Amino acid sequence: MNILFVYYYPSGGVETLARQRSYALKKHGVNFHFLYYRRGPGLQNIEETPTFITDTNKGIQAVITKGNYDVIIVCSDHSLLPRIRNMNFKGKLIYEVQGLGSFADAKKWLAGAQPYVNKNADVILFPRAPHLINLIYTYYPSIRKYSFHNCIDTDLFTYKTRGPSEPNPIIGWVGRIEENKNWKGFLEIGYDMVKINSSIKLWMFIDPTLTHPDQGQQFDDMLTKYQLNDNLKIFNNIPHQKMAEYYSIIGDSGGFLCSTSKVEGFGFAIVEAMSCRCPVLTTDSDGIKSFIFHNKTGKIYPHDNLQLAATEAKSLLFDNLVREKICLNAQKHIHTHFNPDTYANNFLNMLKDLGVYKA
C-alpha cells in the first residue's frame, strides 16, 4: 500500500520522523512518499523515498493522482485538509500533530484547526506528550485518536566507536535559533561551565535557514557578552546519518547533550543522543517525560532554574559513576521502547483499525 506524507519543509525532527517511519514500515509492504512545500536541508538525508516539492493545487493534485495513495498524512497544516478533499481523494486522511512549539502556540494552533480537522480528517495522530494529549482530548473529543511513541533506527543510529577521544569535554546542543528552543539557556549554562573549566567546548548543531532574524542578532550579541567565541563551534545542517558519530564523540569526550527547550512534543535529538551513549541534561519540556527519568536515564531541570542546571551539569562532567549509569540505562531504554519494530506494530494496528491494511 502507498502512503503520502505532507509537511511544510524538510528539516528537524519532523523530517527525521518521516524517514524513520518509512524505514520501519517498508518491510511490511507499506511504501511512503514525501511531499514538502519547499526545498530544505533535510532533502540531503532522503536517499530512496520518492519526494515531491510543490504547494500548488495543480502540483499536489498531480502527485495524488499518480501515487494511488490509500492514506495521506498531513502534518500540522490543517488548511491542506479541505484542499485534499476537494481533489476528490477518497482514501483515509490522517491529521498528524508534530512540531507545534510552546504550549501557548500549540493551544492556539489546535483550537484554530478544529473546523478543518473535524470536517475532513478521519483520525488524529500525535506523540505521547502530556500537553498534546490534554489539548487534543479537549479540542477533539469526538474524532478517532491514535498516540504512540516515535522511533529511531536503533541498529544504525547507535554508539560509534572511534579513535582517541576529544581532549576536552564537549557540551552539545541541537535546535533552531528561536524562542522555544531557548538557545539563551544553553549559552548561559555553557558560560557557567566554561568559568569552571576554560577548555570546555560548546558544539551547536543548527539549521541557519530557520533562524529568526531578530534572534540571530541577539545570539551574536550574547556570544560577545559572554566571550564564548573561542569555545563555540557551530555545525550547519549536518547530514542526519553523521549525527550518531557526533553524539558518540560528545559522550566519549566526557561531555553531554544539553536540551534547553521550553516545550517539546517529542525531542528526537535527545532520543538519538541516548541511543549513542551520550548523557543528556534537559529542561522539563514535557515531551521528554516518556524517556528521561531523572538520574536514571538523564538529568532534568526546570528551564528557568539555571542554578540547578549548573549543578546537574557539573554532576555529568565530574561524576563518572553517575555518567556511566545514565549512559547505559538510557541506551537500553531507547533500544527497548523506541525501536522500529515497536513503532511499526503500533502504526499497522492503526491502519488495520482504519480498514486499509491486511497482514
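# Reading a predicted fold, feature by feature

Tutor: Strand β5, residues 92–96, pairs with β6 in the parallel sense over three bridges. Keep in mind that this is a predicted model.

Student: OK, starting from there, which residue stands opposite Ile-124 of β6?

Tutor: Tyr-95 does. On the β7 side, the bridge partner of Ile-124 is Lys-145. Strand β7 covers residues 144–147, and β6 pairs with β7 in the parallel sense over four bridges.

Student: How should I read the side chains along a strand?

Tutor: The general idea is that side chains in a regular strand alternate between the two faces of the sheet. In β6, residues 123–126, Val-123 and Leu-125 point one way while Ile-124 and Phe-126 point the other way.

Student: Are those four buried or exposed?

Tutor: All are buried.

Student: What handedness does the β5, α4, β6 unit have?

Tutor: Right-handed: β5, helix α4 (residues 103–120) and β6 form a β-α-β unit of that hand. The chain then goes on from β6 through helix α5, residues 130–139, to β7, and this β-α-β crossover is right-handed too.

Student: Let me zoom out. How many helices and strands does the protein chain have?

Tutor: Twelve helices and 13 strands.

Student: What radius of gyration does the chain have, and what would a compact globule have?

Tutor: The rule for a compact globule of 359 residues gives a radius of gyration near 21 Å, and the chain has 21 Å, so the two agree. Along its principal axes, the C-alpha trace spans about 65 × 40 × 35 Å.

Student: And what share of the residues is buried?

Tutor: Buried residues are 57% of the 359. As for the surface, the chain exposes about 15500 Å², with carbon and sulfur atoms supplying 48% of that. For contacts with a separation of 6 or more, 69% come from residues 24 or more positions apart.

Student: Which residues is Cys-151 in contact with, leaving aside its neighbours within four places in sequence?

Tutor: Among them are Gln-20, Ala-24, Phe-268 and Tyr-343.

Student: Now salt bridges. What's the general idea?

Tutor: Side chains of opposite charge can pair when their charged atoms come close. This structure holds twelve salt bridges.

Student: Which residue meets Glu-15 in a salt bridge?

Tutor: Arg-19, at 2.5 Å from N to O.

Student: What does Glu-48 pair with?

Tutor: Glu-48 forms a salt bridge with Lys-26, with the closest N and O atoms 3.3 Å apart. Glu-48 lies in the loop between β2 (31–36) and β3 (51–53) and Lys-26 in helix α1, so the pair ties together parts that are 22 residues apart in sequence. Glu-48 counts as exposed at 63% relative accessibility, and Lys-26 as partly exposed at 48%.

Student: And which residue forms a salt bridge with Glu-179?

Tutor: Lys-262, at 2.9 Å from N to O. This pair links distant parts of the chain, 83 residues apart: Glu-179 is in the loop between β8 and α6 (183–196), and Lys-262 is in the loop between β11 (256–259) and α9 (268–275). Glu-179 counts as partly exposed, at 42% relative accessibility, and so does Lys-262, at 28%. Elsewhere, salt bridges that share partners join Asp-284, Asp-286 and Lys-289 into one network.

Student: Last one: how do I read backbone phi values?

Tutor: Most residues other than glycine have a negative phi, and most peptide bonds are trans. Ser-76 has a positive phi, near 75 degrees, and lies in the loop between β4 (71–75) and α3 (80–85). Asn-88 also has a positive phi, near 70 degrees, and lies in the loop between α3 and β5.

Student: Which of those two is buried, and which exposed?

Tutor: Ser-76 is buried at 3% relative accessible area, whereas Asn-88 is exposed at 52%.

Definitions and conventions:
Residues are numbered from 1 along each chain as its sequence is written. This is a predicted model: local features need pLDDT of at least 70, side-chain atom pairs count only at pLDDT 80 or more; totals for chains, interfaces and linings use all residues. Side-chain values use heavy atoms; hydrogens and water are left out. Buried means under 20% relative accessible area, exposed over 50%, partly exposed in between (1.4 Å probe, protein chains only). Helices (H or I, at least four residues) and strands (E, at least two) are DSSP runs, numbered from the N terminus. Two strands pair if DSSP finds at least two bridges between them. A crossover is right-handed if, with the strands pointing away from the viewer, the path from the first strand over the helix to the second runs clockwise. The radius of gyration is taken over C-alpha atoms; the globule rule is 2.2 Å times the number of residues to the power 0.38. Contact means heavy atoms within 4.5 Å. Accessible areas come from the Shrake-Rupley method with a 1.4 Å probe; for residues, only the protein chains shown count as cover. A salt bridge is a side-chain nitrogen of Lys or Arg within 4 Å of a carboxyl oxygen of Asp or Glu.
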